[in-house]
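The following exercises concern a single predicted model. Please examine the sequence and the structure before reading each solution.

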Amino acid sequence: MLNKDQYLNELEVRLQPLGRRERLSAMEYWTEYIEDASAEDWQEVAERLGSPRELAARILREAGVPREESSGRRVALWTLTILGSPLWLSLLAAGILLVVAAAMVALCAVFTFMLALGCGVLLLAVLMLGGVLCVICGAAVFAQHIPTAAFFIGVGLVLAAGGTAGMLAYLPLISRPWHACLHAFERIGRGLKAMRRKVMERWARR
């Protein structure tokens, strides 16, 4: 049978799941309670309190601390985890790959749409630049051949005017989809970072 000191020492060890303040308060109460028992009454007090493990379990339960799993249950759980690792690791890898593939498809779709919008801007810019070059070429040959110069200048003005008008109409039209695509890029990037952080945290907890 444990003496008072041995009983209290084991009780303190088993109360480690409690916070420091709660543990000290509990140990102060039970130390005073046990020390008040005389040597003759100690056996009766110990039988009434039960073993240090039973008393600690009762204190932890009253404090709202979940009961610790038995060693056999922990061993069984770890055994099942290890034996089932090929299955759950495969499922985990498949899930991660599926999420990454979906994110890549979404990124490609957003990038393709943005590229299409950018191609429209580039086409209109080429029209404007071509019109300016045609006007310059027409002005350069104006002294040699007026009809040719007039043709180039006219074509250049039409191209420049069409490109400018198209740009003024196209830019406001694509501004909202463009910002939506940028926002989608940001959300996809944040999602991938959050997923990586969660995976790393779960891996670290193991």
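**Exercise 1: Overall make-up**

Of the 206 residues in the protein chain of this predicted model, 20% are buried. Determine how many helices and strands the protein chain has.

*Solution.* Counting the elements gives seven helices and zero strands. Read along the sequence, the pattern is therefore written α-α-α-α-α-α-α. As for contacts with a separation of 6 or more, 69% of them join residues 24 or more positions apart.

**Exercise 2: The packing of α1 and α2**

Determine how helix α1 and helix α2 are oriented, and which residues make their contact.

*Solution.* Step one: locate the helices, with α1 at residues 4-14 and α2 at residues 20-35. Their axes lie 11 Å apart, at an angle of about 160°. Step two: because angles over 145 degrees count as roughly antiparallel, α1 is roughly antiparallel to α2. Step three: the crossing of the two helices is right-handed. Step four: α1 contributes Lys4, Asp5, Tyr7, Leu8, Leu11 and Glu12 to the contact, while α2 contributes Arg23, Met27, Trp30, Thr31, Ile34 and Glu35. Sorted by class, these are six nonpolar, one polar and five charged residues.

**Exercise 3: The nonpolar cores**

Identify which residues of the largest nonpolar core touch the most other members.

*Solution.* This core has 18 residues, and those touching the most other members are Leu11, Leu15, Leu49, Leu55 and Ile59. Two or more residues come from each of α1, α2, α3 (42-49) and α4 (52-62). Leaving aside neighbours within four places in sequence, Leu15 is in contact with Arg23, Ala26, Met27, Ala56, Ile59 and Leu60. Apart from this core lies another, of five residues, including Leu124, Met167, Tyr170 and Ile174.

Methods: Residues numbered from 1 in each chain as written. Predicted model: local features only at pLDDT ≥ 70, side-chain atom pairs only at ≥ 80, totals over all residues. Heavy atoms only, no water. Axes fitted to C-alpha atoms, helices over the stretch in contact; angles between N-to-C directions. Helix = DSSP H or I, 4+ residues; strand = E, 2+ residues; numbered from the N terminus. Parallel < 35°, antiparallel > 145°, perpendicular 65-115°, else oblique. Left-handed = near helix turned anticlockwise from the far one by under 90°. Contact = heavy atoms within 4.5 Å. Nonpolar A, V, L, I, M, F, W, Y, C, P; charged D, E, K, R; others polar. Core = buried A, V, L, I, M, F, W, Y, C linked by side-chain atoms within 4.5 Å. Buried < 20%, exposed > 50% of the residue type's maximum accessible area, 1.4 Å probe, protein only.
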